[in-house]
Amino acid sequence: ASSLGAAAAQSGRYFGTAVPAGKLGTSAYTAILDREFNMITPENEMKWDTTEPSRGNFNFGPGDQIVSHAQSHGQRMRGHTLVWHNQLPSWVSNLSASDLQSAMDNHITTEMNHFKGKIYAWDVVNEAFADGGSGQQRSSPFHDKLGNGFIEHAFRTARAADSSAKLCYNDYNIENWSDAKTQGVYNMVKDFKSRGVPIDCVGFQSHFGTGGPPSSFQTTLSNFAALGVDVQITELDIAQAGSTQYANTVKACMNVARCNGITVWGIRDSDSWRSGDNPLLFDSNGNAKAAYSAVLNTL
Ligand code: XIL
């Protein structure tokens with residue numbers, strides 16, 4: 001195949017990237033975007049601070065720009081993200097518990113309604129589990145005021161708003177099977193599936209260091225998939241972009257039938273949020289790096 005998207009499509013998968021609306025006017029950027037990628041995650045434009053900067057005032061302009069680019073170039077969209085403790089405007093953190101519950105419900109419902117029919121999958125809740133050994137949810141305005149049940153409530157509200165979009169839980173540092181954080185998320189998904197709480201997919205961000213994925217990554221993906229959810233690699237970047245490390249990551253997904261897509265978190269190194277790490281598949285001039293061929297040949 002002659003592009004990442006086409007190579008991934010050979011096995012029914014997609015290959016995506018994060019895109020900021022501000023780069024859609026740069027032809028050196030869009031040339032690569034539209035040649036290589038068939039799924040787009042807005043890098044920031046569907047986050048709460050952009051979409052509802054003050055209570056009840058919604059701003060979907062930047063997200064709409066990305067959706068419109070995707071639609072005219074045959075790319076699907078991942079919605080990112082409805083409920084997250086970061087890039088959360090301070091008005092939300094300052095609400096009482098009952099106001100926070102209604103603001104969360106209204107945010108999920110209004111944003112999903114706006115983009116209905118245009119989003120393949122939503123990251124309904126992002127990064128709700130704590131790092132370290134607790135295996136519990138992290139402290140956040142949502143958790144602290146609404147309790148552990150806020151995640152279930154968010155997924156039920158999301159399903160009611162849009163019964164067609166896939167509903168995902170997304171997090172980082174859940175790639176290594178034995179980590180307490182991985183186990184905490186796994187147990188939540190297992191519980192959701194056993195009680196009929198609507199969840200369709202789990203996103204593994206996969207922001208890796210120079211060593212690439214943990215050796216248990218494929219085991220983690222297949223164990224989650226065995227619960228009856230799709231799994232996706234959603235924000236892949238690897239410090240210094242080693243070819244072997246990228247190939248190992250892609251291989252882990254290819255070996256799991258329900259791992260149905262991979263998204264890298266940016267196109268060129270100059271587009272990366274990890275400045276200095278050179279973690280992406282294209283250099284700052286837009287030339288494919290060695291890791292690009294390694295990925296293409298593994299898909
Ligand atoms: C990052 C963006 O890339 C940056 O532009 C922004 O300043 C901060 O957020 N996990 C996520 C993504 O789920 O939304 C984050 O994106 C990276 C970590």
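**View 1. Glu36 sits in helix 2 of this predicted model.** Helix 2 runs over residues 27-36. Glu36 has a relative accessibility of 2%. That value is under 20%, so Glu36 counts as buried. Its neighbours, leaving aside residues up to four places away in sequence, are Ser2, Ser3, Leu4, Gly5, Phe15, Phe282 and Tyr292. With one of them, Tyr292, the side chain of Glu36 makes a polar contact to the side chain, at 2.8 Å. Ser2 and Glu36 are 34 residues apart along the chain. Their C-alpha atoms are separated by 8.4 Å.

**View 2. The ligand is surrounded by 13 residues.** Which residues are the closest to the ligand? They are Glu43, Lys47, His80, Glu235 and Trp265. Glu235 places a polar side-chain atom 2.7 Å from an oxygen atom of the ligand. The side chain of Glu127 has an N or O atom 3.0 Å from a nitrogen atom of the ligand. For the side chain of Gln205, the distance from an N or O atom to a ligand nitrogen is 3.3 Å. On its own, the ligand has 420 Å² of accessible area, and the protein covers 78% of this. The predictor gives the complex an ipTM of 0.99 and a pTM of 0.98.

**View 3. Two backbone details stand at His80-Thr81 and at Glu127.** Most residues other than glycine have a negative phi, and most peptide bonds are trans. The peptide bond from His80 to Thr81 is cis. Its omega is near 0 degrees. Thr81 belongs to strand 3, and His80 is among the residues closest to the ligand. Glu127 is not a glycine, yet its phi is positive, near 55 degrees. Glu127 lies in the loop between strand 4 and helix 7. Is Glu127 buried or exposed? Its relative accessible area is 10%, under the 20% limit, so Glu127 is buried.

**View 4. Helix 8 has twelve residues.** Buried residues of helix 8 are Phe150, Ile151, Glu152, Ala154, Phe155, Thr157, Ala158 and Ala161. What do these buried residues pack against? Their partners are strand 3 (76-83), helix 6 (97-114), strand 4 (121-126), helix 7 (141-146), strand 5 and helix 9.

**View 5. Helix 9 covers residues 180-195.** It has 16 residues. From its first C-alpha to its last, helix 9 reaches 22 Å, close to the 22 Å expected at 1.5 Å a residue. Lys181, Thr182, Gly184, Val185, Tyr186, Met188, Val189 and Phe192 are buried in this helix. The cover over them includes helix 8 (150-161), strand 5 (166-171), strand 6 (201-204) and helix 10 (217-225). Just after helix 9 comes Gly196, with a positive phi of about 75 degrees.

**View 6. Thr182 lies in helix 9, and Asn173 in the loop between strand 5 and helix 9.** Thr182 has a relative accessible area of 0% and is therefore buried. A polar atom of its side chain lies 2.7 Å from the backbone oxygen of Asn176. Thr182 touches Asn173, Ile174, Glu175, Asn176, Trp177, Thr220 and Phe224, not counting residues up to four places away in sequence. Asn173 has a positive phi of about 55 degrees, although it is not a glycine. At 40% relative accessibility, Asn173 counts as partly exposed.

**View 7. Ser96 is in the loop between helix 5 and helix 6.** Helix 5 runs over residues 90-93. The relative accessible area of Ser96 is 39%. This falls between the 20% and 50% limits, so Ser96 is partly exposed. How many residues apart are Ser96 and Lys145 in sequence? They are 49 residues apart. In space, their C-alpha atoms are 7.7 Å apart.

**Confidence across the views.** The protein chain has a mean pLDDT of 98. Of its residues, 100% reach 70 or more. Where pLDDT is low, the predicted coordinates should not be read in detail.

How values were computed: Residues numbered from 1 in each chain as written. Predicted model: local features only at pLDDT ≥ 70, side-chain atom pairs only at ≥ 80, totals over all residues. Heavy atoms only, no water. Helix = DSSP H or I, 4+ residues; strand = E, 2+ residues; numbered from the N terminus. Expected span 1.5 Å × (residues − 1). Buried < 20%, exposed > 50% of the residue type's maximum accessible area, 1.4 Å probe, protein only. Contact = heavy atoms within 4.5 Å. Near = heavy atom within 4 Å. Polar contact = N/O pair within 3.5 Å; in protein donor to acceptor, adjacent residues only side chain to side chain. Areas by Shrake-Rupley, 256 points an atom, 1.4 Å probe, with all protein chains shown as cover. pLDDT = per-residue confidence, 0-100.
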